[in-house]
Amino acid sequence: MSTPNFSLRFSPGILLLACALSACGGGSSSSDTPAVVNPPPPVTPPASGDTGSVSAAYVQGASPRYMLLNVARQSSGILTRVTQGSNGALSVIADNTFSGTPAVTREISGDASFAQGRWFSGTMTDASGTTILSGNNASAHYSVYNAVASLPTSGSLQCDAGTYTAPSYTGGANVQPAAYFGTASGSASVVFGPSGAVLTMTVDATAGGSTGQISGTGTMSRPDMSLIGGGFLGGDSGTLLALGDAGAGRYLVIGGYKVLLANGANYQGIATFHCS
């Protein structure tokens, strides 16, 4: 995988990650090792298979992008290739492949403008090697979408309640296997102005009877930018925000997040909001 060139600048509370399509090669990626205290042992995966559905197959646009969150690694960038199954689950995302007998994907969702899900049990392979997802907490959350061609200079959008992958446990305080996955809800907004698009997302996560909230915001001055907030790249609480094209003057806010619950356990997931 080629090494992309990034343009970085800081503003209060947010790190803006600008990734121009003409300079990104195969995309961008970042690896980190979150502080994990007594990581959970593997457990036998449930017998049930894929969950969720899509209303339409994802259609790659002129500027397709992706984000992928594993336990100790996150990557995002240009979607050089993608393979989607008949049920909407993805098996190829850029340089990442997912296979197995079975290969189980949970919380499948999407339409012609995006595809989202969580690789739960199977074999994940990328340029750095192979990872076995054995059905414990070690899920890989993904979203693919199309970046917008240009940014309006004015206007405010209303976003829906969002579609979420189940937040997955990544470490911190010990939890029981029943709390390896939780539920999420949240909100998002988009405001266009002369300086770009201001994206805001808040996610409330619950697992094992404990709750936590994470919020992120930032200004996109280019349509192909991603906004990194908080300690997202360092394994701490934070967000990864992007703007997608939903067609017909509509937009998507795509948000990866890491959140600390009140009991000291860390979780991560992806949310997608339709905005118009």
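Tutor: Asp224 is buried, at 7% relative accessibility, where buried means under 20% relative accessible area, exposed over 50% and partly exposed in between, for a 1.4 Å probe and protein chains only. Its salt-bridge partner is Arg222, with 3.4 Å between the closest N and O atoms; a salt bridge here is a side-chain nitrogen of Lys or Arg within 4 Å of a carboxyl oxygen of Asp or Glu. Arg222 is partly exposed, at 39%.

The model is predicted, so local features need pLDDT of at least 70 and side-chain atom pairs count only at pLDDT 80 or more, while totals for chains, interfaces and linings use all residues. Residues are numbered from 1 along each chain as its sequence is written, and side-chain values use heavy atoms, with hydrogens and water left out.

Searching the whole structure gives three salt bridges. Another of them joins Arg73 to Asp126, with the closest N and O atoms 3.3 Å apart. This pair links distant parts of the chain, 53 residues apart: Arg73 lies in strand β5 (residues 73–78) and Asp126 in strand β9 (residues 114–126). Strands are DSSP runs of E with at least two residues, numbered from the N terminus. Arg73 is buried, with a relative accessible area of 19%, and Asp126 is buried at 15%.

Arg118 and Glu107 also form a salt bridge, at 2.7 Å from N to O. Here strand β9, which holds Arg118, is linked to strand β8 (residues 96–111), which holds Glu107, the two residues being 11 residues apart. Arg118 is buried, at 2% relative accessibility.

Terms used: Helix = DSSP H or I, 4+ residues; strand = E, 2+ residues; numbered from the N terminus.
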